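Dear colleague,

Please find below the structure that I am handing over to you.

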Amino acid sequence: MDILLIGSTSSFMRFMVDKLNKEGHRIFHLTKEKNTSHGYRKVFETYRFNYDNECIGEVFQSVKPDVVIFMGAYDLNFGWVKSRNESVTYTSGLMNIIMSFSALNKGRFIYLSSEEVFQKSYSASIDETEQRVVLDRKGQAVAMGEEICLNYRELLGIDAVVLRLDHMYAIPEDRREVNNLCAKLCMDAIDIKEISINKNVEHSFLYVSDAVEFVYKIVEAQTHKQNVYHISSMEPVTEEWIAEQIQKQLGNDISIVDNSSIERYSVNLSATAFDEEFGIKIFHKPDSVILKMAPYLKKHESEFSRVTGKPRNFWEELKKGNRKFLAVMAPFLENLVAFVPFFMMNNRAVGSQYFANLDFYLLYVLLFAIVYGQQQAIFSSLLAVSGYIFRQMYQRSGFDVILDYNTYVWIAQLLILGLVVGYMRDQLKTVQEEEAYEIGYLTNQLDDISDINVSNVRVKEMLSDQVINQNDSLGKIYEITSSLDRDEPEEILFHAAEVLSELTSSEDVAVYRVANRSYARLFSSTSDKARGLGNSINYQKMEEMYDRLQKEEVYINRNMNKEYPLMANAIYSDREMQLIIMIWGIPWEKMTLGQANMLTIAGYLIQNAVVRANRYMSALEEQRYIHGTKILEESAFTALVSAYLGARNKNLTECALLLVEAIHEMSEAEVSDKLNHMMRQSDYLGRLKDGKLYALLANTDSASAEIVKKRFLEAGFSSEIREEVVA
């Protein structure tokens with residue numbers, strides 16, 4: 001399936017990408033993050049747009065996803081610091097996304113909510129029918145997102161599902177993810193050596209990898225009974241218990257302080273409905289996760305500490321508090337310092353023959369107007385006027401200077417030039433900034449076009465590889481399996497093991513033929529590893545595998561249980577299990593839904609060949625056996641022996657050919673009855689060209705054949721091993 005994930009990069013997103021990729025789905029990622037260095041190698045394509053951008057509709061039309069997963073309450077693109085603005089952005093973005101999705105008229109939309117829509121204490125576990133209670137902006141936005149999805153489901157008939165994850169937590173990958181209770185308490189212990197708790201508060205914690213498994217059950221489900229599900233571990237623990245686990249990991253120097261302000265506070269979601277429909281099994285308990293989380297956060301304390309920039313002394317506090325003030329005051333200080341040499345030069349130039357007509361104050365004002373703009377031009381003009389008046393007062397009184405007409409002309413000239421030059425400089429800087437912004441915008445557009453081109457090239461190469469190397473295509477599968485139609489009926493199942501080995505790129509394939517409702521016997525195999533379960537297995541006792549095969553589904557050994565094959569499939573005929581295909585030696589990354597589908601298709605094609613062979617054998621039943629016996633006539637038995645010995649030469653099976661002679665004279669019917677009672681269903685009796693009677697023992701080596709020889713001797717038959725085929 002094509003699956004579109006919408007949300008920020010995070011540990012939750014990483015686990016989700018790994019799970020979907022492992023199952024063989026094609027993944028697309030939509031995020032608001034502009035930093036292209038954050039991405040996932042296993043994602044087919046990443047789109048970086050704001051959620052309310054008009055391009056979102058084009059993204060959906062391009063991807064045409066079968067499933068959309070909106071991270072919602074767990075999308076770290078929303079910081080919720082400015083909660084009012086974030087709530088508006090959140091709801092408008094979700095509206096744009098779900099409108100774009102509804103235009104496709106296909107697929108499923110999964111909205112991830114959290115326990116934050118219940119913000120009061122409850123005496124019992126909360127089921128899906130409970131009325132929401134939200135007090136803060138984030139909770140209101142998340143609850144509004146639920147309503148938007150459910151309303152669109154009702155109005156437009158889209159398949160929208162709301163999943164509320166109960167207190168999901170993870171080992172943080174960056175400081176943004178120190179947002180769950182376990183991580184916060186760990187960082188409190190590391191930062192201030194103190195954990196402040198309320199021992200009357202309890203919650204059920206859900207680890208991120210478990211949450212991903214449960215979300216995937218909704219992804220792959222064909223149908224679902226409800227529109228809203230609660231997903232929870234349903235194993236509440238108190239804050240005091242969490243603090244004690246952290247204290248065990250970080251040392252007894254960590255103090256636990258009880259700041260209980262309420263008698264009891266409990267918000268625990270009930271996942272009963274989800275458990276009854278899909279099943280819930282928790283693999284990660286809080287104590288086992290804290291065992292890893294606390295030492296990890298301690299080791300990377302500098303990356304996750306929330307005590308950032310804490311002043312250690314007066315000078316550091318002064319430096320931190322005045323850094324911005326000094327940055328603003330620096331041009332004014334520079335202006336004051338520069339005024340001193342210009343004031344001195346102006347005083348020296350007054351009586352000079354060469355510099356008397358040179359106005360140093362005008363140069364001073366123009367210099368700062370050009371460098372800093374209009375603001376510093378005004379300030380430098382004020383300083384220059386002050387210096388001019390002060391110099392004139394050497395020879396005249398201040399009153400005379402102020403009343404002098406030339407003084408005002410000079411001041412006007414200074415201010416006009418300074419303001420005009422400063423204004424022009426500011427305008428020029430504005431134009432340059434606008435041009436730089438436009439260049440940056442166009443550069444980003446060019447980068448986007450380059451990324452799209454790279455993506456197109458990658459898609460083209462991928463499609464080219466699919467055309468050239470069609471190992472997994474239906475055409476290639478049919479081409480390989482259709483070679484079974486050219487085999488003799490006796491050779492089909494031997495060749496089937498080779499065909500499956502080629503299709504799955506595995507050297508370890510076994511084909512078991514079902515003997516009865518409990519046991520299956522090995523028919524052919526491609527390696528010693530494939531024969532590891534033995535010549536006969538009680539497949540009903542292999543419950544984990546049998547449950548899947550009984551449902552006519554492919555079994556995938558996700559737990560890597562050594563007692564089971566990595567993949568298995570059953571071939572049915574007339575609703576009865578006929579064959580069991582088992583495969584080992586498959587790389588972990590290929591144990592996917594796509595590989596399972598390929599094995600299913602191959603199984604059906606092999607089934608068709610086997611059914612045709614069985615019908616052919618049934619039609620020739622009377623011609624194959626000597627009348628009144630279960631002894632194969634010469635041509636049929638010769639073909640069967642040739643098939644078995646040919647398969648043995650290819651290391652596909654083991655067999656032994658015994659020449660059997662009756663010690664006392666008996667009729668063929670008596671020989672047939674006695675010998676058939678001592679042989680398995682997979683063994684055969686027949687005559688070859690020399691007219692003598694032979695027994696073909698399937699999956700039997702020389703050592704095992706000796707046991708059969710003794711059994712024959714006790715019944716009145718002598719026998720010896722014959723390795724050659726009598727032509």
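A crossing of two helices is called left-handed if the near helix is turned anticlockwise from the far one by less than a right angle, and right-handed if clockwise. Helices (H or I, at least four residues) and strands (E, at least two) are DSSP runs, numbered from the N terminus.

This is a predicted model, in which local features need pLDDT of at least 70 and side-chain atom pairs count only at pLDDT 80 or more, while totals for chains, interfaces and linings use all residues. Residues are numbered from 1 along each chain as its sequence is written, and side-chain values use heavy atoms, with hydrogens and water left out.

Overall composition

The protein chain has 23 helices and 25 strands. Of its 727 residues, 45% are buried (under 20% relative accessible area, with exposed meaning over 50% and partly exposed in between; 1.4 Å probe, protein chains only). Among contacts (heavy atoms within 4.5 Å) between residues at least 6 apart in sequence, 69% join residues at least 24 apart.

Helix H5 and its two partners

The axes of H5 (residues 181-192) and H9 (residues 286-299) come within 10 Å and cross at roughly 50 degrees. This angle makes H5 oblique to H9; angles under 35 degrees count as roughly parallel, over 145 as roughly antiparallel, 65 to 115 as roughly perpendicular and the rest as oblique. Axes are lines fitted to C-alpha atoms, for helices over the stretch in contact, and angles run from 0 to 180 degrees between N-to-C directions. H5 and H9 cross in the right-handed sense. On the H5 side the contact involves Cys182, Ala183, Cys186, Met187 and Ile190, and on the H9 side Met293, Ala294, Leu297 and Lys298. By class, this contact of H5 with H9 comprises 8 nonpolar, no polar and 1 charged residues. Here Ala, Val, Leu, Ile, Met, Phe, Trp, Tyr, Cys and Pro count as nonpolar, Asp, Glu, Lys and Arg as charged, and the others, Gly among them, as polar.

H5 also packs against H7 (residues 239-250), with axes that come within 10 Å and cross at roughly 50 degrees. H5 and H7 are therefore oblique to each other, and their crossing is right-handed. Leu181, Cys182, Leu185, Cys186, Ala189 and Ile190 of H5 meet Glu239, Ile242, Ile246 and Leu250 of H7. The contact of H5 with H7 has 9 nonpolar, no polar and 1 charged residues.

Helices H1 and H6

The axes of H1 (residues 11-22) and H6 (residues 208-220) come within 9 Å, crossing at roughly 50 degrees. The pair is therefore oblique, and the crossing of H1 and H6 is right-handed. H1 contributes Ser11, Phe12, Phe15, Met16, Lys19 and Leu20 to the contact, and H6 contributes Val208, Ser209, Val212, Glu213, Val215 and Tyr216. By class, the contact of H1 with H6 has 8 nonpolar, 2 polar and 2 charged residues.

Ser209 of H6 is buried, with a relative accessible area of 12%. Leaving aside neighbours within four places in sequence, Ser209 is in contact with Phe15 and His284.

In H21 (residues 634-649), the buried residues include Phe637, Leu640, Tyr644 and Leu645. Just after H21, Asn651 takes a positive phi of about 65 degrees. Tyr694 lies in strand E24 (residues 693-698) and counts as buried at 0% relative accessibility. The C-alpha atoms of Tyr694 and Ser719, 25 residues apart along the chain, are separated by 8.8 Å.

With kind regards
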